[in-house]
Amino acid sequence: MLWRTIRSMEVMAHSSNFLLPKLHQPAKTPANNYTLVVLNQQLPRFMPRLWAQAKMRICADGGANRVFDEMSQMKNDLDRNRYIPEIIEGDMDSIRPEVKRFYSSQGSKISDKSHNQETTDLHKCISSIRHRTPDHEKPNLCVLVTGALGGRFDHEAANINVLYVFSDMRIVLLSDDCLIQLLPKTHHHEIYIESSVEGPHCGIFPIGAPSTSTTTTGLKWNLSDAEMRFGSMISTSNIVDSDKVTVQSDADLLWTISLRNLT
Amino acid sequence: MPPLPTMVHSSSFLLPSPPPAPPADADAENAVSYAVVVLNQRLPRFAPLLWTRADLRVCADGGANRVFDGMPELLPGEDPDEVRTRYKPDAIEGDMDSVRPEVKEYYSSLGTQIIDDSHDQDTTDLNKCISFITKNPPGPDSSNLCILVLGALGGRFDHEMGNINVLYRFSNTRIILLSDDSSIFLLPRTHNHEIRIERSVEGPHCGLIPVGAPSSSSTTTGLRWNLDNTSMNFGGLLSTSNIVEEEIVTVTSDSDLIWTISLRKHT
């Protein structure tokens, strides 16, 4: 039964090689083919590298304040001109006027979506990215988001919900401590572990709906056709035990792995 | 079908001084006893207030380091040793892989109970602490026990999820997870909920999140964007960035929901 399921289900491969310094990235993988979205929370330690290697940088509203205030401090480099986002997008109720003026004068496109109060700033950014990407480039699209976790819990929940709403896109939420991404139930997942920068702590969660059957390989405590449900068992404080973790489930799952050694 | 019983929620424990004379129907509130659990993250600014309010204080493993280091920092005008003696946990529980040996020694010599659960690798530190508290409740009975947890949100995401799962696993116990920014607790589907808002310390931002399973019908009053037999699910609508408009918010749902409300900066 499992074999038939694997054969009929497409494999989705995941890799965090975007976290590696440029020198160490595999030559043929377009690891720097990502768009970076910066939300309004303290920037993670490894932001300068993430910024430098991105294809495009979008600040969601107050995320621009964070880049303005914190980026040059991180690099011990007072030249704000080096860190100019291509786009600043959102409802503009958090960005400081002088920050908006500065980036606008440096060429950032200001995309004011304040007329739309139905969706969060992250939702607007993801929606725009998707809208701007030609169809043939969509499969390679990867969006990395900083500042989505921690802070107000309803914001965090709304940001996690964006992963579910745009479940056909690769979106990774990053914090100083970990990354999270969605593993849609439509695919068999192969997660390649970059052990120099991630792990060993990991977890898998059936957020939004329970799973009656999940199977994994590559973890210290693997699941074998296991049920997972809030109120019962979910996989926390697991450990990656291999270079490759596989996951297959009848429910959308959230994958998380701890980050380390990142500067 | 008989109507659901009502569960009343109050965050009066966040008020700087004890609440004023209670209304006639608040006998239940009077008898509430509080327990505080401290997990291994930076203490929120209101930690000393809640500690003082509580009848029982438990540190989960490295949470003891946080109390040892953090309480004197939050009370800078006072002598650190006096603060540490005053803010002494009743118990330190967990697998003991994070608490510093000298911190464990210090509290142990003051009479803190040390409960080493390292043999039990199946449950999280918070889970162990909640079990301990429910088996050893402070106060006359555990029916009006409310457990306040500090340090459960933020940090490693799998820890946060494990902590939220504890709310679901102990759905018959009042447990509130608190950070500097938010307060969250479970609204079990078995009850109609009446949430009394203390506007001086919380709000206005709030939300209702069906973390474990979708809701096909939820109804609220007292919010700016009320739900009216509305369905909510991940991938679709969640109630986030909502606003409390009245002093009492009511919620009824066919699914367990997580309620969250923002905490004001001066709390």
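**Reading the labels**

Tutor: Let's begin with chain B, where an open sheet of 10 strands with mixed pairing has the order β5-β4-β3-β2-β6-β7-β8-β15-β10-β13. Please keep in mind that this is a predicted model.

Student: What makes β5 and β13 of chain B the edge strands?

Tutor: Each of them, β5 (113-116) and β13 (239-243), pairs on one side only. From one strand to the next, the twist averages 20 degrees.

Student: How do you know that β7 and β8 of chain B pair?

Tutor: The cut-off for pairing is at least two bridges. Strand β7 (residues 174-178) and strand β8 (residues 182-187) of chain B have 2 bridges, in the antiparallel sense, so they count as paired. You can look for L178(B), which stands opposite S183(B) in β8(B).

Student: And what about β9 and β14 of chain B: in which sense do they pair, and over how many bridges?

Tutor: Strand β9 (residues 192-196) and strand β14 (residues 248-253) of chain B are antiparallel, with 4 bridges. At least two are needed, so the pair qualifies. Within it, E194(B) has T250(B) of β14(B) as its bridge partner. Both strands belong to an open sheet of 5 strands in chain B, ordered β1-β9-β14-β11-β12. Its edge strands are β1 (6-10) and β12 (230-232).

Student: Which residues make the contact between α6(B) and α7(B)?

Tutor: On α6(B) they are L126(B), N127(B) and I130(B), and on α7(B) they are N163(B), V166(B) and R169(B). By class, that gives 3 nonpolar, 2 polar and 1 charged residues. The two helices, residues 125-135 and 157-169 of chain B, pack at an angle of about 30 degrees with axes 9 Å apart, and their crossing is right-handed.

Student: Now to chain A. Why is S108(A) called buried?

Tutor: Its relative accessible area is 5%. S108(A) is found in the loop between α4 (97-105) and β5 (109-112) of chain A.

Methods
Residues numbered from 1 in each chain as written. Chains lettered and ligands numbered in written order. Predicted model: local features only at pLDDT ≥ 70, side-chain atom pairs only at ≥ 80, totals over all residues. Heavy atoms only, no water. Axes fitted to C-alpha atoms, helices over the stretch in contact; angles between N-to-C directions. Left-handed = near helix turned anticlockwise from the far one by under 90°. Contact = heavy atoms within 4.5 Å. Nonpolar A, V, L, I, M, F, W, Y, C, P; charged D, E, K, R; others polar. Buried < 20%, exposed > 50% of the residue type's maximum accessible area, 1.4 Å probe, protein only.
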